[in-house]
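Visitor: Hello! I am new to this protein and would like a close look at a single part of it.

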Amino acid sequence: MKNSLLIVDDEYCICEGLKTKILNLNIPDIGEIRTCYSGKDALELCRTYKPPIVLTDIKMEDIDGIHLIHELKLLLYPVRFLVFSGYDDYKYVRNAFQEGAVDYLLKPVLSEQLDSILRTQCEALRKSNLIPTSRSAAIEFFQRFLNILETSENQFEYEESLEIIQKYLSCKNYTFALAAGVGLTSTQIHALINSLYDSYDTFNEYKLLCGKLSNSKIGILINFDHVQISSYSIGEHLLTYAKTQLNIDLAVGFSSICQEPDFKHLYYEAENNLAERLVFGYGKIYMHRNLTTNEILLNSAKNISEILLDNPEFIGRSQYWTNLSHLFKKMNIGTLQSFYSYLTGKLYSAFSDHQATDASLCTIPSFYTFDTLNHFHETVLQLFRYHAAAKTVKVDSQLDIVKKYIDDHFTENFTLLDVAEHFFISYSHLSNVFHKTFGIPFQTYVISKRMNYAKELLQNPNLSIQEIAADVGYNNVFNFSRSFKNYFGVSPSHYRSSIK
């Protein structure tokens with residue numbers, strides 16, 4: 001099967017030139033080649049067209065290449081991103097690779113370089129569609145799958161991976177396990193994973209896949225035919241190996257046994273069971289979760305929280321934390337989780353009300369990231385401190401300052417990445433909170449500022465359209481004209497004629 005390919009650049013000549021160059025290379029694994037002259041057009045196209053190879057420029061007028069990769073990762077799988085640019089700038093290279101690019105080319109792109117890179121990516125795509133045949137390949141594949149389960153993103157990639165897993169694990173019963181320890185190092189995690197493969201890889205009764213999750217847990221998918229074979233033994237093996245060989249205490253949470261490969265359900269069931277370690281500690285295997293909620297304890301904790309949320313000056317008073325700590329120690333896992341859901345809902349609402357755009361919005365962790373009750377307690381305290389700091393700030397929020405900066409500099413040639421780095425904000429965080437707060441994506445807001453300013457300038461007959469394009473931040477008059485027509489429905493020249 002040949003790989004289709006998409007080229008994205010806001011310069012028509014570069015787009016079509018690259019397409020011709022690739023066609024002339026006659027690479028047998030490259031099939032259909034399409035081109036888009038803007039990031040926005042590429043996003044729209046890829047809702048139905050699914051190219052496994054995307055070549056994109058980094059600096060474009062509407063959506064920059066890094067933002068485009070960030071969005072296309074949610075639409076395409078498998079996919080290999082190649083970026084090209086006339087800028088040999090470290091920050092662009094770094095951010096491109098952080099978003100998922102696999103190679104970086106400098107303009108002008110040489111045919112020999114393009115040929116080598118495209119053949120390499122075609123080979124990588126061929127291998128990615130195969131069932132893992134080695135331990136390292138199985139671990140690498142399953143860690144990608146665990147990331148999909150953690151983030152709940154990219155349904156298409158989940159379904160593709162599901163097909164491969166069902167071929168690799170051909171027995172009829174499945175169960176999911178998660179293992180965690182306090183402060184596990186990468187070396188310890190790798191030792192635990194290898195011990196599982198060493199012990200169970202050769203058994204006919206079991207098949208398994210295991211890998212590391214991003215939060216230093218180990219995910220294990222166990223596959224077997226006979227229900228009477230206890231997956232519990234794998235949990236016991238992990239606990240014993242960790243204690244005797246690594247001198248650490250683990251906790252292991254198991255899901256139920258299921259014949260349907262609903263791995264999302266099994267994963268969250270294992271997460272919920274593993275959460276019991278906050279109450280009962282490590283060195284244990286958890287196969288059930290206490291789903292009940294103690295309403296008396298929950299309401300007492302809510303009452304204290306309401307006082308602290310309404311009176312931030314009380315957050316430093318120890319009696320409130322002493323009382324909360326006592327309540328936490330009496331709660332079962334269901335009550336703890338209910339309280340955390342209540343608190344985070346309140347805090348998200350509060351942060352939104354006073355437009356807190358500092359780290360507080362992205363430092364509310366999932367309940368499943370807590371490894372001890374003390375960790376839970378300390379995080380709750382930190383969240384209240386964030387709330388107090390945000391509520392007592394009297395100056396403009398950081399996002400208001402960012403918006404003012406854009407209003408003052410929209411005629412300059414900058415991208416979302418440039419603004420994020422100027423204010424020392426995460427690229428994805430700024431993109432998300434800007435859209436959420438102002439109801440408009442960053443790039444759309446910049447374009448609206450430029451187009452409305454251009455509309456004013458077009459009323460001056462002494463300015464040429466090329467001069468106006470430069471005055472509103474466009475290096476290329478063709479791109480300016482296309483953006484103006486997309487925004488107002490008429491070209492700049494037609495608009496000027498209509499107002500005479």
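Visitor: Which element gives the largest share of the lining of the second largest pocket, and how many residues does that share hold?

Guide: The largest share comes from α21, with five residues. Before we look around, please keep in mind that this is a predicted model, in which local features need pLDDT of at least 70 and side-chain atom pairs count only at pLDDT 80 or more, while totals for chains, interfaces and linings use all residues. Residues are numbered from 1 along each chain as its sequence is written, and side-chain values use heavy atoms, leaving out hydrogens and water.

The protein has 22 helices and ten strands; these are DSSP runs numbered from the N terminus, helices being H or I with at least four residues and strands E with at least two. Of its 500 residues, 50% count as buried, that is, under 20% relative accessible area with a 1.4 Å probe and protein chains only, whereas exposed means over 50% and partly exposed lies in between.

Now to your pocket. On a 1 Å grid over the protein atoms alone, a pocket is an open set of points where a 1.4 Å probe fits, with protein on both sides within 12 Å along at least five of seven lines, and lining residues have an atom within 4 Å of a point. The second largest pocket holds about 750 Å³ of space, a volume filled by probe spheres set on grid points that are joined across faces, edges and corners. Its lining counts 28 residues, and those nearest the centre are Lys-40, Ile-63, Pro-441, Gln-443 and Thr-444. Two or more lining residues come from each of α2 (39-45), α3 (65-72), α18 (427-438), α19 and α21 (477-488).

Five strands form an open sheet in the order β7-β8-β6-β9-β10, with mixed pairing; two strands pair if DSSP finds at least two bridges between them. At the edges are β7 (206-212) and β10 (284-286), each pairing on one side only.

Helix α8 (residues 186-200) lies across β7 and β8. The end C-alpha atoms of α8 are 21 Å apart, which agrees with the 21 Å that its 15 residues should span at 1.5 Å a residue. Among the buried residues of α8 are Ile-189, Leu-192 and Tyr-200, and what covers its buried residues includes α6, β7, β8 and α9 (232-246).

Two loops make a last stop. Asn-26, in the loop between α1 (12-25) and β2 (30-36), has a phi near 55°, a positive value in a residue other than glycine. Asn-247, in the loop between α9 and β9 (251-254), has a positive phi of about 60° although it is not a glycine. Asn-26 counts as exposed because its relative accessibility is 61%, and Asn-247 counts as exposed at 62%.

Technical notes. Contact means heavy atoms within 4.5 Å. Axes are lines fitted to C-alpha atoms, for helices over the stretch in contact, and angles run from 0 to 180 degrees between N-to-C directions. The expected span of a helix is 1.5 Å times one less than its number of residues.
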